[in-house]
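Dear colleague,

I am passing on the structure below, and I would be grateful if you could look it over alongside the notes that follow.

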Amino acid sequence: MRPAKVALAAVVAWALLVSAACSSDNGSSGDNSTDFASGGTFTLLAADDPGSLNPFQNIQTPGVSMFKYIYSYLLSIDSSGKLVPELATSWTVDGGTVAFKLKPGVTCSDGSPVTATTIADNFNYAKDPANKAVQIGIIFPDTHFTATPDDAANTLTVKFDTPYGFVLQALSLFPIVCGAGLKDPNTLTAKSSGSGPFVLTKAVTGTEYDFDKRAGYNWGPNGATNDAPGVPNKIVEKIVGNQSTAANLLLSKGANAAQINGPDGVRLTGSSFKSVDSVVGGISMLFNESPGRPTADLAVRKALTMVLDIAQVSATVTQGISKVAGKSLTPAQTACDDSAAVSSIPTGDQAAAESLLTQAGWVAGADGIRAKDGKPLAINASYLTTTAGDAPAMELIATAWKKLGVKVTQQPLDNAGVNTAMFSSGNYDVMPLIELAVPFQSILIGWLSGPNPPNGINTAHISTPAYSDNAKKAIQTPGDAGCALWTAAAKGLYENADIIPMSIMPARYFMQKATFDLWIGRVNPTSIRLLK
Amino acid sequence: MAKLSFVRRPRGVTRYVCLGLLAALAFLALFGRTIWGAQAARSDPIRPLEPASSAHILGTDQIGRDVLARVLNASLLSVELAVMAAAIGVVIGVTIGVGQAVLGPFLRRLLASAIMISLAFPGLLLALLVNAIFGAGPTGAVLGVGIALIPAFARFSQALASSAAGSEYVAAARVLGVGRVRIMVRHILPNIAKPLLLTALGSVGTSLVGISALSFLGLGVQPPSYDWGELLQVGLQVVYVRPMSAIGPGVMIVLAGLAFNLAGEAFAGSHPRLSVGEFTGTARLTRRFTLATSRLANRRPDRAADAEELVASASPALLSVRDLHVAFPGRSGPVVAVRDVDLAVMPGERLGVVGESGSGKTTLALALACLLERPATWRWREFTFDGESVKADSQSAYRRLFGTRLGFVFQDPANSLNPAIRVGPQLAELRQVHYGASRAESRRMAVDRLREVQIPNPEIRARQYPHEFSGGMRQRAMIASGLMGSPRLLIADEPTTALDVTVQAHILRLLERVSDGTGAAVLLISHDISVVVSFCHRVLVMYAGRVVEDIPSDWLVSRAAHPYTRALIQAVPDIDDLAGQSLATIPGQPPNLENLSTGCAFAARCAFADDKCRQDDPRLTVLAGPHSAACWHPRTSDELADEPADAATSNRSAP
Amino acid sequence: MSAVTGNASAGFTTRRRNLWPAFVARRLLRLVIGIVVVVTASFLIMQLVPGDPVRLSLGPSAPFSLVEQRRADLGLDDPLIVQYLHYWKGVFGGDLGSSILTQQSVTSIIASRIGNTVTLVAIALGLTLFFSVAIGVTVGGLTHNGRRPRLLGAYRIVASTLNVVPEYLYGVALVVIFAVTLKLLPVAGDDGFKSLILPSLAISLAPIAGLSRIVRVQTEEVLSQEYIQFARSKRLPALRIYLRHALPNLLTSALTVGGILLGVLVASTVVVENVFALPGLGSTVVTAITQRDYPLAQGALLILGGSVVLVNLIIDVIVSLLDPRSLMRDS
């Protein structure tokens, strides 16, 4: 039984996220008045195994979040969404070129120095098509970039052939491998080779991962060091798939932290427990517009959208954590907030939806089901079985659609099933509760526009110029100008009812005898402090 | 020999519980939807996960639906799926299992091996695999569980069919050239149908639980459909917060599973092991024909003198019991198996006890050896063995006494020796337990005893298992076991009944030699009067639990006084009589001990009975010296001399 | 005359044929066949399961060319027979391939998980056999011959009910009682021996209830046999009669059923490992199947299936040691 696999970007597992920390923030590193316990062990429960430990082959959230313990980055994003220096002390952006000044004195876990060349070699490795690095096409749009190091001046210049609007956000997700591991990253199956705050000491797949504190580490994000009081000597991450079990472990003091989105959170009351929420991504409704399907008809898509009480769906799918309708496809995005686009989402009441369908030619028959030209309005709705809130939310949605005279077939699928439906068989009309945990909007371009499978990954056969034109321009436009373009792109999608935001993907963490804040919906390693 | 295993089951309770559960289940399955369907669908998403209350007895689920209504509504689907899965397993499994029973030997072995291997494979994994192929959902679940059931049913029906196929009517059919499929359908299937059906019923319960396990993993029935498994899976997600959501469907699964599993045994029909063998009232006079051996006339001449001497001697009785009384619980009150028995065995005496099945002779033997067990009840006024007085209620106190000085030889050597233990140690342990002898010492003694009873190569034999011995050898070994102590008395219960006629004589001769050699007395129980006469000094005749005659064996033929004894004597066919003649029987039925009439128990079958016989029960009275009989009209020697050989019985039945 | 006395040993050779080699050979053959079947079955079935593990591991945004290339690298597009033979080659060399999702070698993944499952199943099997026999013999002895019929009736109903409850329900109940409420034992995870107590209980409770009923019936049978009367006639102490005389005759059937139960126990670990977050082979199989990680699923199934077949072989041998007649019957 899988719990709300929040951050494991289930199917559309683009698990690169940037967390927009919000709400109850407590016990962060700025709090000096509490008693820190020195040198203990911090035990964390994770729902999923990180997967491959090779940073060039793993972009799923569990893996990416673990890399933050072991590797350093040029820069980071803090809990308020601000870019902060890490390996790079400062930077300037000019068109497609970013010039970094690097921090001196950084060493790898094997003692070797981390120089500008070391960092540049990471870019070169990723760029080489023979290495099939997974960052390409996701956080880096393509391989058209070069990294030029200057060891003497301790600077690094990264040049993208076409300007890339999210270059800084992308680099906050690009781990810098050093030492022996950089020479052949394929050996990184059970060990780490980085300059991060912790060193991996034990890795048992699906079970446990242990880390030791890296002595002398003082080049963390915003100058974080391991000398601060309360930094644990050891971190133990245990893989516990069952949320109730995780709650039990917390209650029996077997762990310091766990993500618990479901009703078991109710048991963790009392002064010993604190909780913090963050947004990991968004849950959205995607229509399949390939020709011949009822959802290729704009009227159908609009009607199906209008008739939903999206706030209620949101409350059900997040098991009560969020009671408002989603405002963005990528709510975890920190660079560009496109929530202004929601005004373009089709709205209306039952009557409006019904007349829209009737006018489009979908007329109710004797059995109550609408049909047009002899073809019934039959919808195949696929959803994930592995997220706890999906099934009841799906039932709500189905009930609302049935009232419209639509024949709904609910199609429960697991991860593999959804992948198959999207990429191989194309056999779905709508996926009302797709989980999207992506760090920035540019990643979605190939998916929401462009060629269809097998030549591309536009699985829903979307062709909305208002989106694709704006998006293509936006990706090359940094700053507010770019953000405005992204908002316009989103508007295009919503007007055409191609894909509609339904809710957020929340992450609710409980902690005891420790504090930390969250990054991409996971524990941020340099913020961990043990309490007495 | 009486198999004194007594079983009185409260069958009724299981049956009623099971029927009740099944009826409730059927009701829910058939009418659940109509009654609770609408309520189950009513959702209230604003108020999810309400706790149990008067409005919602089990609370509500994640979108506010009443859990109890959903649980009851799920009955039809849950039961349906379980039945379908069981059907798949049963039909395919039985076809394979029965089919292979009519295949040729090579194919049969192959198939049998395949079944054994697949039986070992974990069922749930098989179900998972099948499920993975067909995707999550009821089809995959039903197929998965059904296919996982196939090996078990193949094995089970194979075992049943093999034993049926080995039976004679199938052999006959084969000889007659009946085709394989026909044999399977017409001969084998009907005979294995009943146990198969009951097991099939039980497997519905197993399927139910199996499908729920798949649902627990999220692979079973998917929303919007729901069965108990799916409800349980959803409920378990919130079990710590809203336990009722899980308890509801969980209880249903357990109850339904229980109902089907119980059905298997509640209706299994009686086991064959019911009656207290001797007391069914349907036992008929059984006899074996002792053709070639001892005729009644063939006896040692000095036996009578021995007997008189023994009785007249002043030496105290080796074993003496007064007013022995044994009863068993019967269907309607206690059944008396042995009543008012006074008995004495002299040292060195060979005493025989004769009677038909049901006469109480084996019970008597067990009582004298203090081997009776509850629920039998027994009492006596006095019991002395080898100088010690034995109390009825504390038999364990006499362990050493009986262990060392009394030997018991059982009837059926095939089963009296423990098949899992070698013969040597079975003999030796008596020495170890009661005499504290070492292993080596007691083993040596066991080998000696085996030699004494004339088993060749006793050292090798001692290391063998009972099944490697022949029947005669086993009986010798049994006697040897009786000799491991220092027995003053050997009680032998029908020691030769299960043996070949030729071997019988040897065993009896052995017993004689042993008795003479060690000076031990022998109490020989038999239904065969000729055996008893040739071997024993004295004979007790039992009828309906009572000793009806006590007579030296020499006098038996000529002077037996009780009409029953006379009838027994005459019922023994003489080898000269056989040609062209019919067999004698005693008319009437043996007495039904549960329902004894007043008066003499033999009256109904006695040619000489009168009203006094039918009203008053005669006691054992001395007729002459060592001879007593319990009869109002004992036959006198004059009458006997005048009688033709076959007069005591009024008929001879046709052959 | 001598012909008659010699009759005692006629028809039996005093020299015993040694039946063991043939028996062991037959059983080994069965083992080999069993493993071949398991390997082939798991290979074939994984091919039948729909879904693309490469796509799953790379995510939906990966370009098709990359996916195709990975598939080719892993040999997933070779003809079936080639993949099959390649797999056998790996089995003999101890190489079961690499997990598609984590690139770790399947052998090492299995090696790290198998310890828990083996220990769990071993403890569960031990508990099951021990308690079933102990309870079954005790109740059988107490209710033998129609004594204490009420005890027998109550025992029947209780045992039947306990036998039906699924293991995950036991697991949850045990956790609630012993771990959460009483805080006696760990809730979950892998803390050494303590963590195995509740899971092994959860697995064994239902089989104990079921097997003890069978043992009780067997005890009833055995206690009615003449050889028990014989043992009683030797006035042996009751304990000796039960342990030395009755038990060996009981154990054969108990063990045989135990062998079949082994499959049930192993299957139960799949579910129970989930409840207790115990990393073991059972949960590995489930995850591998749902993630379409072919090499891992095949490897885990091979090990699981093969072990069950192997242990059944061992049980067969033990049974034949206990019951010398079975050797003869078998040939």
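Residues are numbered from 1 along each chain as its sequence is written, and chains are lettered from A and ligands numbered from 1 in the order in which they are written.

The predictor gives the complex an ipTM of 0.77 and a pTM of 0.75. In chain C the mean pLDDT is 79, with 87% of the residues scoring at least 70; confidence is lowest in helix α1 (residues 2-6) of chain C, at a mean of 31, and highest in helix α10 (residues 226-233) of chain C, at 90. Residues 1-16 of chain C have a pLDDT below 50. Where pLDDT is low, the predicted coordinates should not be read in detail.

Chain C has 14 helices and zero strands (helices being DSSP runs of H or I of at least four residues, strands runs of E of at least two, numbered from the N terminus). Of its 331 residues, 48% count as buried, that is, with 20 or more other C-beta atoms, placed from the backbone, within 10 Å of their own.

Between chains A and B, the contact (C-beta atoms, placed from the backbone, within 7 Å) takes 23 residues from chain A and 19 residues from chain B. On the side of chain A that touches chain B, α9(A) gives the most, with six residues.

With best regards

Notes
This is a predicted model: local features need pLDDT of at least 70, side-chain atom pairs count only at pLDDT 80 or more; totals for chains, interfaces and linings use all residues. Two residues are in contact if their C-beta atoms, placed from the backbone, lie within 7 Å. A residue is buried if 20 or more other C-beta atoms lie within 10 Å of its own, exposed if 12 or fewer, and partly exposed in between; C-beta atoms are placed from the backbone. pLDDT is the predictor's confidence in each residue, from 0 to 100.
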